[in-house]
Amino acid sequence: MSRFLNTRLRGYTAYTPGEQPSEKEYIKLNTNESPFPPGPEVLKVLREDSDFFTASLKLYPDPKQSELRRDLARHFENEVPSLTEENILVSNGSDDILNFSFSAFSGKDALAVFPDISYGFYKVFAEFQGVNYETIPLNDDFAINPKDYYNLSDKYKKKVFIIIANPNAPTGRALSREDVKKILMENPESPVIIDEAYVDFGGETALSLIGDYDNLLVVRTYSKSMSLAGARLGYAVGNKALIEDLDLIKYSTNPYSVNRMTEAVGRAALKEANYYRRNCRKIEDIREWTSDELRKMGFTVIPSKANFVFTKNEKGMTGKELYECLKKEGILVRWFDSERIRDYLRISIGCEEEMEMLVNKLKEIVRS
Ligand SMILES: *Cc1c(COP(=O)(O)O)cnc(C)c1O
């Protein structure tokens, strides 16, 4: 820290991303990336569009990203028939959009509300932006109780905005669309942000509620189910007025947040949605196999609708010990040094061979 750092930021702790090691080849099950490569349409853009990029990279990209937004609107026309590009905002990963949301909706004295165990970035955004927040504890089984989220502005006597990851991270548990709908109905004066980073692995999307609830913002990413974590592309879908609010923040910070290459691969990926859907089904199958194997070994596994499992050894090994043993064996998983979940590991679902390796190593570790 230099002596010039804003005093407001002294003592502030930033988000710690999962390790992205370069010193050693790990089986990487720590940041929920897809084990599968992007599909042929994306690869075609990367291989064949080099003339286009050569000619166009000297120019700024379209700050509105109109073509990509139009393609996204068409992509979701079954879920939301009335959807147009005006209902969509794209940016540099969904983290960017979540950050915009905290800026946009943390009006004077407004409170951000989210579960006590959820995506760690929510707390970081709130603290970084100086937004007051409250957390609501998950049930003992790590489920969200929807009723805990009813009438929150009455409960806190303040304006609130609500953020829920659905499926939740790092637990993997999901709320039904009906439950999300009730939370929307019970908070008509609060923006409700549903972070659907993992929805493609068996969750129920809230997209179809957008026409009926002008306080709903659904945030999505290409990073997990579409094998494009490295491209950095996320989007928000919601009422036009909410999208305008986010645009205001985007245009006040970084209007060109999506580059030309990312726009091109983002559009290409939509042409091969079935390829990604099939990969998600494979990941779900591998997840169920892994969960069974872990249970047979004496682990508790929280039922997951995401591309990871959240699990705890019931025979005395702490989360930290397991994390360290696995790392020594060349397998990286995620461990959170935080109350309530310190004995759990979050393990991303890799391909079959990777998960077989994981299970075999864990068997050895638990035995010794
Ligand atoms: C991974 C993740 C994100 C961030 O995704 P990017 O689009 O890669 O920024 C957002 N929310 C949750 C819950 C996530 O797990």
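Reply: In what follows, Ala, Val, Leu, Ile, Met, Phe, Trp, Tyr, Cys and Pro count as nonpolar, Asp, Glu, Lys and Arg as charged, and the others, Gly among them, as polar. The model is predicted, with local features needing pLDDT of at least 70 and side-chain atom pairs counting only at pLDDT 80 or more, while totals for chains, interfaces and linings use all residues. Residues are numbered from 1 along each chain as its sequence is written, and side-chain values use heavy atoms, with hydrogens and water left out.

Me: How many charged residues are in the lining of the largest pocket?
Reply: A pocket is an open set of points on a 1 Å grid over the protein atoms alone, where a 1.4 Å probe fits, with protein on both sides within 12 Å along at least five of seven lines, and lining residues have an atom within 4 Å of a point. The largest pocket has a lining with 13 nonpolar and five polar residues, and the charged ones number eight.

Me: Which element supplies the largest share of the lining of the largest pocket?
Reply: Helices (H or I, at least four residues) and strands (E, at least two) are DSSP runs, numbered from the N terminus. At least two lining residues come from each of β3 (111-115), α5 (121-128) and β12 (334-335). The largest share, four residues, belongs to α5.

Me: Which element gives the largest share of the lining of the second largest pocket?
Reply: This pocket is lined by 27 residues, and Y15, T31, D95, Y119 and K224 lie nearest its centre. Two or more lining residues come from each of α5 and α4 (94-105). The largest share, three residues, is that of α4.
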